[in-house]
Amino acid sequence: MTAREYKKLDKVLFYAIQQVRVSNREFQEMENTSDPIKKHVLELQAQNHRGYAEGIQYALTTLNYRHPDMETLSRELD
């Protein structure tokens, strides 16, 4: 891969980390909410963000992309 491609994959990796952190915050907020409708909406949003991050992780792993923050992404997803 070229240096330009690695830079773009770096951006994608950091975006995935951001998405999983948003998802984790939404799951926490969902647990603290008593309104069932808001709880359901937060759960769907959290699942959407988490799925997006998992898809990015899968794609980066398939491309054999190596970066120290890949471990951070894996840890955040667990």
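This is a predicted model: local features need pLDDT of at least 70, side-chain atom pairs count only at pLDDT 80 or more; totals for chains, interfaces and linings use all residues.
Me: How are α1 and α2 oriented, roughly parallel or roughly antiparallel?
Reply: The axes of helix α1 (residues 3-31) and helix α2 (residues 36-62) come within 8 Å and cross at roughly 155°. Angles over 145 degrees count as roughly antiparallel. The relation of α1 to α2 is therefore roughly antiparallel.

Me: Is the crossing of α1 and α2 left-handed or right-handed, and how many residues of their contact are nonpolar?
Reply: The crossing of α1 and α2 is left-handed. The residues of this contact include 6 that are polar and 6 that are charged. The number of nonpolar residues in the contact is 15.

Me: What geometry do the rings of tyrosine 15 and tyrosine 52 adopt, stacked or edge-to-face?
Reply: The structure holds 2 aromatic pairs. In the pair of tyrosine 15 and tyrosine 52, the ring centres are 5.7 Å apart and the planes stand at 85°. Planes over 60 degrees apart count as edge-to-face. The geometry of this pair is therefore edge-to-face.

Me: How many residues apart are tyrosine 15 and tyrosine 52?
Reply: Tyrosine 15 belongs to helix α1 and tyrosine 52 to helix α2. The pair thus named links distant parts of the chain, and the separation is 37 residues.

Me: Which class of accessibility applies to tyrosine 15 and to tyrosine 52?
Reply: The relative accessible area of tyrosine 15 is 37%, and that of tyrosine 52 is 46%. Buried means under 20% and exposed means over 50%, with partly exposed in between.

Me: Is isoleucine 56 buried or exposed?
Reply: Isoleucine 56 lies in helix α2, and its C-alpha atom is 22 Å from that of glutamine 28, 28 residues away in sequence. The relative accessibility of isoleucine 56 is 11%. Buried means under 20%, so isoleucine 56 counts as buried.

Me: What distance separates the C-alpha atoms of glutamate 43 and methionine 30?
Reply: Glutamate 43 is placed in helix α2 and is partly exposed, with a relative accessible area of 30%. Glutamate 43 and methionine 30 are 13 residues apart along the chain, and their C-alpha atoms are separated by 6.4 Å.

Me: Where is asparagine 64, and what is its phi?
Reply: Asparagine 64 is in the loop between α2 and α3. At 52% relative accessibility, asparagine 64 counts as exposed. Its phi is positive in a residue other than glycine, with a value near 55°.

Notes
Residues are numbered from 1 along each chain as its sequence is written. Side-chain values use heavy atoms; hydrogens and water are left out. Axes are lines fitted to C-alpha atoms, for helices over the stretch in contact, and angles run from 0 to 180 degrees between N-to-C directions. Helices (H or I, at least four residues) and strands (E, at least two) are DSSP runs, numbered from the N terminus. Angles under 35 degrees count as roughly parallel, over 145 as roughly antiparallel, 65 to 115 as roughly perpendicular and the rest as oblique. A crossing is left-handed if the near helix is turned anticlockwise from the far one by less than a right angle, and right-handed if clockwise. Ala, Val, Leu, Ile, Met, Phe, Trp, Tyr, Cys and Pro count as nonpolar, Asp, Glu, Lys and Arg as charged, and the others, Gly among them, as polar. Rings of Phe, Tyr and Trp (its six-membered ring) pair if their centres lie within 6.5 Å; planes under 30 degrees apart count as stacked, over 60 as edge-to-face and the rest as tilted. Buried means under 20% relative accessible area, exposed over 50%, partly exposed in between (1.4 Å probe, protein chains only).
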